[in-house]
Amino acid sequence: MRHDDLGGGFTGTALHEVVVARTGGQWAAAHAATRAIAAKPLAAFPDEASLYRGVPAVAYVLHFAEHPAYARALAHLDAEAVAISAARVDAAQRRMDSGRPPRMAEYDLISGLTGLGAYLLRRERDAALKRVLHYLVRLLTEPLTVAGHQVPGWWTVDGPRGVPADGTFSIGHANFGIAHGMPGPLALLALASSTGLTVDGQEQALDKAITFLTRWAQPSSGGTIGWPELLPLNAFLDGPVSGTEPGRPSWCYGTPGIGRALQLAALTRSNEQARQFAEHAVLGSITDPRQLSQLEDATLCHGWAGLLLTCDRIASDAGAPAIANELPVLRSRLDAHMVRHGIPENTGLLSGTAGVLLTLHTLSTPRPADLGWETCLLLN
């Protein structure tokens, strides 16, 4: 367990503590948590640092503290994070120019440039962010050729675990999850557009991705609509199919996370049809007992907390109250799960206690002026 890991380490705990301190005014626990993550060296090389690890992860936490005690440290870490992003963009552009497909960690939210872009968006580092946006526009609009077939520019050479694989995924795969796939870049482009920050080709990239996700929403055997989590080349070339078994309705790979990305993009492009489509798909996923039965823990990444938080954010922008009407039911399911099984024992935001507690705090506290910590999930 790394001290500077946001998803599974003590940095996630620190984020929870600073958000609670911001809303409650008691800083002792937050100061203790930030001292703990700053006590050891942070990952700082461009090939290892990301929004969820090292310098950018810790800087993200200190940003949300908005406490004068952290001003000097944040300024230093912020400059490092901007430099890390620049180095990562340069490497990604060279890879693109070569015509080779990307590794998953080049662009995804957890390890890649989408995550670093989310950090830059929150820090209002517009010049650095525009370089990331230019890269993501190319990623979403410039196709690649893999094994003689044209595939999207975000087709990753890796297998599902983020490393090259044999067998089914030996030629890579198309990843549909917001955490590791195309919806992440889409959501970041949409969030940047909502602040007025755009680059050449951004609108076209958004429109292309909206069309792609709308096309790939597959009818399940139970009548709901959802997306595949990932596809090897043969399945991708075959195109969408009907009658598939619906997947787990999680933030990371499920219909709610993908639906939020599509909704955000539709909102910024004033595409009412796509917005309604996204919300319809999400509503189906949270009212389908078969899908809900696949949730096995309370975590933010792939459990009840993530589903509840994602749907809360979707409901806040929805054109109809149907999803909002389901939020009390989802909250009761999360509460019931914790009564039976307790809170996760792991550390961290995505897979541990911090993410569940932060979700409960966020949804149980009268909301202050936009804290926006959920940008690390690309929810707002």
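Contact here means heavy atoms within 4.5 Å. Helices (H or I, at least four residues) and strands (E, at least two) are DSSP runs, numbered from the N terminus.

This is a predicted model: local features need pLDDT of at least 70, side-chain atom pairs count only at pLDDT 80 or more, and totals for chains, interfaces and linings use all residues. Residues are numbered from 1 along each chain as its sequence is written, and side-chain values use heavy atoms, with hydrogens and water left out.

**Helix H12**

The buried residues of H12 pack against H9, strand E5, H11, H13, H14 and H15. Buried means under 20% relative accessible area (1.4 Å probe, protein chains only). Among the buried residues of H12 are Ala 274, Arg 275, Glu 279, Val 282 and Ile 286.

H12 (residues 272–286) and H14 (residues 304–317) have axes that come within 11 Å and cross at roughly 145 degrees. Axes are lines fitted to C-alpha atoms over the stretch in contact, with angles from 0 to 180 degrees between N-to-C directions. Both helices contribute residues to the contact:

| Helix | Contact residues |
|---|---|
| H12 | Arg 275, Glu 279, Val 282, Ile 286 |
| H14 | Leu 307, Cys 311, Ile 314, Asp 317 |

Five of these residues are nonpolar, none polar and three charged.

**Two single residues**

Thr 114 lies in helix H6 (residues 113–123). Thr 114 counts as buried because its relative accessibility is 0%. Beyond neighbours within four places in sequence, Thr 114 contacts residues including Tyr 107, Leu 136, Pro 185 and Leu 378.

Definitions and conventions
Buried means under 20% relative accessible area, exposed over 50%, partly exposed in between (1.4 Å probe, protein chains only). Ala, Val, Leu, Ile, Met, Phe, Trp, Tyr, Cys and Pro count as nonpolar, Asp, Glu, Lys and Arg as charged, and the others, Gly among them, as polar.
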